[in-house]
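Here are my notes on this one, in the order I went through it. Have the viewer open while you read.

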Amino acid sequence: MRKYILLSLAVLIAPSLAAQQRDSVRRVDDTVEVGRLRQRVDSVFSMRVQHELQLTPDQTTKLRSTQERFSTRRRTLMVQQMQRRVALQDQMQPGVAANSDSVRKLMDGIQAGRAEMVKIEQDQDREMSGYLTPVQRARYQQMRERFMQRIGEMRMERRETRGMRPGMRPGMVPRQGLRGGRRRGI
């Protein structure tokens, strides 16, 4: 009897474990693909900056180093901020009492993250001031701002084509309207 129960559990659990493993492999593949795509986009952006700002080889090398260092810090902070926003959204679900301490900590973390993002921008600009002219720095900032706006637009378009609304995470079901009100999807 005991062997039968263990065998039954194994049969029931095996597909779940296999699915988890497939999902894990898929996430790793997605992460690798995202990394490759990010490198390609960064490379194209860097070449365009080099051309439009008419950078010297020395300036190009220094700017690449600065971009790599600060983009790593920026990406890490953006992931943390996204995690905080998702956790806050989870706390603020309609019909569920939010934990005040958790909400306060998350709000404080989001605010601190915003301040840290400003500090990263200031630190990067200060470092670039050592090898770029003020005009080159201003042009770089403009190019980067337009670039980031375009990336945001592309993300929105991608969400729309997947049927997701802004702020939704993959796997969430879009809410259905009900006489102008909102109700949670299943």
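1. Which residue forms a salt bridge with Glu127, and how far apart are the closest N and O atoms? The partner is Arg69, with those atoms 2.2 Å apart. A salt bridge here is a side-chain nitrogen of Lys or Arg within 4 Å of a carboxyl oxygen of Asp or Glu. The pair links distant parts of the chain, since Glu127 sits in helix α3 and Arg69 in helix α2 (residues 57-91), 58 residues apart. Helices are DSSP runs (H or I, at least four residues), numbered from the N terminus. Both ends are partly exposed: Glu127 has a relative accessible area of 27%, and Arg69 comes out at 39%. For accessibility, buried is under 20% relative accessible area, exposed is over 50% and partly exposed lies in between (1.4 Å probe, protein chains only).

2. Some ground rules before going on. This is a predicted model, where local features need pLDDT of at least 70 and side-chain atom pairs count only at pLDDT 80 or more, while totals for chains, interfaces and linings use all residues. Residues are numbered from 1 along each chain as its sequence is written, and side-chain values use heavy atoms, with hydrogens and water left out.

3. On to the other charged pairs. The salt-bridge count is 15. In helix α1, Glu52 pairs with Arg48, their closest N and O atoms being 2.8 Å apart; the two are four residues apart, so about one helical turn separates them. Arg48 is exposed at 52%, whereas Glu52 is partly exposed at 34%.

4. Now look at Asp123, in helix α3 (residues 100-128). Asp123 counts as buried because its relative accessibility is 14%. A network of salt bridges links Asp123 with Arg73, Glu116, Lys119 and Arg126. The side chains of Asp123 and Arg126 also make a polar contact at 3.0 Å (N or O atoms within 3.5 Å; within protein, one must be able to donate a hydrogen and the other to accept it, and residues adjacent in sequence count only if both atoms are side-chain atoms). Beyond neighbours within four places in sequence, Asp123 is in contact (heavy atoms within 4.5 Å) with Phe70 and Arg73.

5. Phe45 and Tyr140 are tilted, at 6.3 Å centre to centre and 55° between the planes. That pair joins helix α1 to helix α4 across 95 residues. Phe45 and Phe147 are stacked, at 4.5 Å and 20°. Phe45 lies in helix α1 and Phe147 in helix α4, so this pair ties together parts 102 residues apart in sequence. Phe45, Tyr140 and Phe147 form one aromatic cluster. Tyr140 is buried at 2%, and Phe147 is partly exposed at 21%.

6. Finally, the core. The largest nonpolar core has 10 residues, including Phe45, Leu63, Met128, Tyr140 and Met143. Such a core is a set of buried Ala, Val, Leu, Ile, Met, Phe, Trp, Tyr and Cys residues joined through side-chain atoms within 4.5 Å.

Note on methods
Rings of Phe, Tyr and Trp (its six-membered ring) pair if their centres lie within 6.5 Å; planes under 30 degrees apart count as stacked, over 60 as edge-to-face and the rest as tilted.
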